[in-house]
Amino acid sequence: MIYDVFYKNLPYIDLHGYDRESARVKTEDFIIENILLKNKKILIIHGIGEGIVKESVYRVLKRNKSVVSYKIDIYNPGCTIVEIKVD
């Protein structure tokens, strides 16, 4: 399936089990790490649940000037695909 191949090639972070603050810190670190590695697209797995982790992740993405765009995965609403600016 093309869907599986696409995700296997993206760097990702899985935030299942994280609380709001830990998810925020881990997301910020993950973005910085991928900027340094020059990865233009990354995947953040935040899960669905009550939306607490997703809300925290989206706050980070909204404020980070290196984030070009982000969108919920249409096949899995527990994941967000992020495009970052690398120089």
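In which loop is His46 found?

Modeller: This is a predicted model, and what follows should be read with that in mind. His46 is found in the loop that lies between strand β2 and helix α3. With a relative accessibility of 5%, His46 counts as buried, because the cut-off for that class is under 20%. Leaving aside residues up to four places away in sequence, His46 touches Leu15, Val53, Lys54, Val57, Tyr58, Ile72, Pro77, Gly78, Cys79 and Thr80. With one of these, Thr80, there is also a polar contact, in which the two side chains come to 2.7 Å.

Thr80 lies in strand β4 and, at 0% relative accessibility, counts as buried. Besides the contact with the side chain of His46 at 2.7 Å, the side chain of Thr80 makes a polar contact with the side chain of Tyr58, at 2.8 Å. Residues up to four places away in sequence again being left out, the residues that Thr80 touches include Ile42, Leu43, Ile44, Leu61, Tyr70 and Ile72, along with His46 and Tyr58.

The strands around this site can now be put in order. Four strands form an open sheet, arranged as β1-β2-β4-β3, with mixed pairing. At its edges are β1 (12-14) and β3 (67-72), each of which pairs on one side only. On average, and with direction ignored, neighbouring strands of this sheet are turned by 20° against each other. Strand β1 runs parallel to β2 (residues 41-45), and three bridges join the two; within this pair, Ile13 stands opposite Ile44 in β2. Strands β3 and β4, by contrast, pair in the antiparallel sense, over five bridges, with Tyr70 standing opposite Val82 in β4. A hairpin of six residues joins β3 to β4.

Two helices pack on this sheet, and both bear on the surroundings of the site. Helix α2 (residues 20-36) touches β1, β2, β3 and β4 (79-84), and its direction makes about 160° with that of β2. Helix α3 (residues 52-63) touches β2, β3 and β4, its direction making about 155° with that of β3.

The buried residues of α2 are Ala23, Thr27, Phe30, Ile31 and Asn34. These residues are on the same side of α2 because they cover an arc of only 100° around the axis. They pack against β1, β2, β3 and β4, and against α3 as well. After α2 comes Lys38, placed in the loop between α2 and β2, and its phi is near 65°, a positive value in a residue other than glycine.

How values were computed:
Residues numbered from 1 in each chain as written. Predicted model: local features only at pLDDT ≥ 70, side-chain atom pairs only at ≥ 80, totals over all residues. Heavy atoms only, no water. Pairing = 2+ DSSP bridges. Axes fitted to C-alpha atoms, helices over the stretch in contact; angles between N-to-C directions. Contact = heavy atoms within 4.5 Å. Buried < 20%, exposed > 50% of the residue type's maximum accessible area, 1.4 Å probe, protein only. Arc of directions from axis to C-beta. Polar contact = N/O pair within 3.5 Å; in protein donor to acceptor, adjacent residues only side chain to side chain.
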